[in-house]
Amino acid sequence: MHKILSSLSLTAAALFIAVCHPEPLFSTSSPVDESMNLHPINLRDYESAVGLHRREKEDFSQLEPGSQTQLIYGRPGVDGQLLFANMTLYAPSGLPIVLMERFEGLTSSVDCKGDDGAMSLTFISKGAYDYALKIWSYINEDDGQQFLLIANHDGCGPADERQPYKVSSVTEDSADLTISMRTSVTEWSEVAGSYELDFGRMIPQASKLKPRGFWGDIGNVGKDVLDAATGKFDDTKSVTFGVNVGSPGQKTEIYKDQQGRFSLDCVDCYFTGNWQVQGRIVVDKFVLQDLTLSVSPSNFKAKLELEATVTASKSPTPLQANKEIFAAPIPGAGIAVPGIFKLGATVSYEIGTSVTIAGTATVRFGLEAGLPNTAIVVADVNNPSQSFATGWNGGSLTPTFKVTKLDASIALAAFSQPKISFGIELIKVATADVALTMKLPEISSTLSATY
């Protein structure tokens with residue numbers, strides 16, 4: 001008859017933040033498909049929906065070229081919410097900006113006329129026509145004078161995207177209150193050299209986002225978006241995506257040596273939960289000034305349960321094994337503003353173990369861990385040394401241990417590393433990969449059979 005002597009210990013969890021700038025100029029962490037594109041939200045409709053003062057229909061100042069403009073983007077998210085991005089675009093040198101959606105209420109028709117370099121705008125009043133002609137005609141006086149017109153109108157550019165045009169001359173037709181423009185289609189990579197962009201906020205919505213519009217029926221704006229009395233806008237919510245890797249009870253082989261001395265299987269290895277993501281980008285003259293990514297878990301839970309089967313000689317034999325049991329893009333976690341930036345995310349789960357064995361044994365061991373919802377990681381891509389994590393204390397931890405057979409001395413250690421990686425591309429500016437690796441507490445045990 002023999003008895004089992006055992007000891008069980010845990011080492012502390014660790015969090016690693018890695019930031020790098022891969023080459024070539026494209027981030028490979030995760031591709032972003034077209035379904036991840038954020039669509040233009042009409043700025044006037046947005047301002048009305050969130051309770052900002054809506055300008056009068058005959059506000060001719062919206063025709064004036066300016067030094068900057070605001071661009072709002074969004075798409076439907078989970079649980080009836082809208083994923084939201086807010087961009088301030090600064091005018092390139094010598095190209096003041098006119099935003100068409102600002103003054104569309106002054107027009108009766110807009111004709112982009114395909115890709116032949118012509119566009120015509122017909123106005124609803126002589127006052128609007130005269131003001132537009134007066135404020136835009138300066139470009140006819142000098143061949144080098146132009147302004148940048150950004151269109152968000154059916155037939156102007158690709159569907160569900162804003163299209164920038166350089167306008168080099170205007171021609172009047174007072175009889176029809178029509179101004180014709182000589183334009184050239186321009187790439188965002190040429191004119192979006194200075195901007196600030198915040199993304200990841202979520203705002204409730206009541207109905208499906210319409211192409212080139214904002215919810216369509218402003219009278220049915222989602223609950224809490226518009227407080228009729230105060231005009232307050234709820235911008236506190238973040239984009240949330242679920243991460244579920246593995247399944248309870250799923251068995252995965254981690255290691256089996258060729259001599260049949262040792263095998264290790266994951267018999268219950270998975271993690272689940274939600275992650276909230278927000279970001280801010282600042283670019284000046286095509287040089288990255290700030291790229292900050294904030295990530296926090298919600299109801300995160302991870303389980304690691306391993307089964308080790310040992311059949312070896314009486315002399316101690318050391319073995320080590322590591323295996324990535326899962327790696328894939330995270331569905332719904334991609335964000336893209338066409339022509340300006342992309343963000344994609346992948347998730348992986350790595351298991352590692354080391355063992356010194358002599359004799360025979362079958363042992364199950366592992367742990368169940370949870371992260372506090374107060375945790376947050378802030379990755380500063382431009383200044384990695386300023387990245388930090390806070391609120392990670394207070395997570396839950398429950399070790400598991402069971403011996404079903406033992407005629408041996410055995411030392412076991414195992415760790416697991418859930419990892420979420422974000423790939424970011426700023427068109428013509430920079431790329432970055434941000435990896436968040438959570439090394440859960442390492443579990444180790446020493447067992448021996450004595451008689």
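## Confidence of the model

The chain has a mean pLDDT of 77, and 73% of its residues reach 70 or more. Among its elements, the highest mean pLDDT, 97, belongs to strand β6 (residues 97-99). The lowest, 44, belongs to strand β1 (residues 3-10).

Two segments require caution. Over residues 1-10 pLDDT stays under 50, and the model has 36 contacts beyond four places in sequence for them. Over residues 204-236 pLDDT likewise stays under 50, with 83 contacts beyond four places in sequence. Where pLDDT is low, the predicted coordinates should not be read in detail.

## Overall make-up

The chain holds four helices and 25 strands. Its length is 451 residues, of which 50% count as buried. The accessible surface comes to about 20,100 Å², and carbon and sulfur atoms account for 48% of that area.

Contacts between residues at least 6 apart in sequence were also examined by separation: 75% of them join residues at least 24 apart.

## Helix α3 and its cover

Helix α3 spans residues 126-136. Its buried residues are Ala128, Tyr129, Tyr131, Ala132, Leu133 and Trp136.

The cover over these buried residues includes a helix, α2 (100-103). It also includes strands β6, β8 (118-123), β9 (147-151), β10 (163-173) and β11 (178-185). Of these, β6 is the strand with the highest mean pLDDT among the elements of the chain.

Key:
Residues are numbered from 1 along each chain as its sequence is written. This is a predicted model: local features need pLDDT of at least 70, side-chain atom pairs count only at pLDDT 80 or more; totals for chains, interfaces and linings use all residues. Side-chain values use heavy atoms; hydrogens and water are left out. pLDDT is the predictor's confidence in each residue, from 0 to 100. Helices (H or I, at least four residues) and strands (E, at least two) are DSSP runs, numbered from the N terminus. Contact means heavy atoms within 4.5 Å. Buried means under 20% relative accessible area, exposed over 50%, partly exposed in between (1.4 Å probe, protein chains only). Accessible areas come from the Shrake-Rupley method with a 1.4 Å probe; for residues, only the protein chains shown count as cover.
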